[in-house]
Every structure is written in structure tokens, then in C-alpha cells.
Amino acid sequence: MNNLSLERGGRKLFERISFHVSGGQVLQIKGANGSGKSSLLQVLAGDLKPTSGEVLIDGKSNIDLFTLTRKLGYLPQEIAIDFPISVFDFLQMAKPKVDLGLILTRFKLEEIKDKKITELSSGQIQRVQIAQIVFQDPEIYLLDEPFSAQDQEHIQLILRILSE
């Protein structure tokens, strides 16, 4: 990120932020509610256009959407899956025709694999979305409040998987 700024509704959320993250590094963004953390992640994911500055991935700023989606795994703060697809089919969209057994087991999703996403709790939906991101095997994870709907057991499970 190079001199990134974002203004929304006449309000500066952040100004001239620059940082670099290399493979294997973890960067946690902290701040008060409404300070622009989610907006920053949306900019990094390509969902929001910054007011100024640029996001560089592998030293390039103009990355096509296909490459961006392969490199980034993005979990937004708001979970917006409102169509009745099964957990199994949702995960299968990440990599069609691949055995899902390992990912279902690792994320403890075997018991709910046939349930519709619309029937799940917010914590279960969040875990399914994180599982799909991990299954896609991106180079960069952008996770916006990934534990907000998780109990302690599942927080530890997800942290363990993400650190592998």
C-alpha cells in the first residue's frame, strides 16, 4: 500500500497510509469503531476505490479481477449469503470436482454439510466462509472481524488452521 487515502461522505477515514506485508507476516489493524478498518480492507480487496494512492500486489497496481481473486481471500465483516445453497455446494464452488472431506473435517463442518447456508447460525456461516477462503489457498488473507461470531473453541480451531 502506498499513500492510500479514503474519504466517504465528506469524511476522511484514513490518509496517506503506507505499509508493506511480506509472505508469512500477519498484520492486524486496530482502531475504534467507525475509524475505517473495514473500509481499508474493502480498498485492499478491490471492493472500494481509494480517494488517492494505490494498492500494490507483487509490485503491480493494475491487477485484473481474475488474478486478484486468486491472490486474495477476503472475508467481509457483513455476511451476505441469502440464497439457499448447501454448505457442501458452497464450498465446492471454490474448487469444483475436488474432494471436500479434508476441509469439512478440519473446520468441523461434517455435521452441517447438507444444511442450507440460510439455515445456519452466523458463527457457522462465518466458519464456512473462512473454510472456503482457506480451501481456495490464496496468498493473502483479508479477514474482517473473523472471530466476531465464533465461540472460543472455534476461534482456536481457526487460528490453528490459519497458522499452518
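**Exercise 1. The nonpolar cores**

How many residues does the largest nonpolar core have, and which have the most contacts inside it?

Some ground rules come first. This is a predicted model, where local features need pLDDT of at least 70, side-chain atom pairs count only at pLDDT 80 or more, and totals for chains, interfaces and linings use all residues. Residues are numbered from 1 along each chain as its sequence is written, and side-chain values use heavy atoms, with hydrogens and water left out.

Solution. 
- Step 1: apply the definition. A nonpolar core is a set of buried Ala, Val, Leu, Ile, Met, Phe, Trp, Tyr and Cys residues joined through side-chain atoms within 4.5 Å. Buried means under 20% relative accessible area, exposed over 50%, and partly exposed in between (1.4 Å probe, protein chains only).
- Step 2: read off the core. The largest one has 25 residues. L91, I103, F107, L109, I117 and V128 have the most contacts inside it.
- Step 3: assign elements. Helices (H or I, at least four residues) and strands (E, at least two) are DSSP runs, numbered from the N terminus. Two or more core residues come from each of α3 (87-92), α4 (101-106), α5 (122-136) and α6 (152-163). Helix α5 gives the most, with seven residues.
- Step 4: check for another core. A second, separate one of 16 residues includes I57, L68, L72 and L142.

**Exercise 2. Around F107**

List what F107 touches, leaving out residues up to four places away in sequence.

Solution. 
- Step 1: set the cut-off. Contact means heavy atoms within 4.5 Å.
- Step 2: list the partners. F107 touches R127, I130, A131, V134, L157, I158 and I161.

**Exercise 3. Helix α1**

Decide how far α1 (37-45) is enclosed, and name what covers it.

Solution. 
- Step 1: count. Seven of the nine residues of α1 are buried, so the helix is largely enclosed by the rest of the structure.
- Step 2: name them. They are S38, S39, L40, L41, V43, L44 and A45.
- Step 3: find the cover. It includes β1 (2-8), β2, α2, β4 (72-75) and β5 (140-143).
- Step 4: look just past the helix. There, G46 takes a positive phi of about 90°.

**Exercise 4. Lysine 71**

Is K71 buried or exposed, and which residue forms a salt bridge with it across 3.0 Å?

Solution. 
- Step 1: locate it. K71 is found in helix α2 (residues 65-71).
- Step 2: check accessibility. K71 is buried, because its relative accessible area is 13%.
- Step 3: find the bridge. A salt bridge is a side-chain nitrogen of Lys or Arg within 4 Å of a carboxyl oxygen of Asp or Glu. K71 forms one with E139, the closest N and O atoms being 3.0 Å apart. K71 lies in helix α2 and E139 in the loop between α5 and β5, so the pair ties together parts that are 68 residues apart in sequence.
- Step 4: compare the partner. E139 is exposed, with a relative accessible area of 56%.

**Exercise 5. Two further salt bridges**

Solution. 
- Step 1: take R106 and E164. R106 is in helix α4 and E164 in the segment after α6, 58 residues apart.
- Step 2: take E153 and K108. E153 lies in helix α6 and K108 in the loop between α4 and α5, so the pair ties together parts that are 45 residues apart in sequence.
- Step 3: Salt bridges with shared partners join D58, K71 and E139 into one network.
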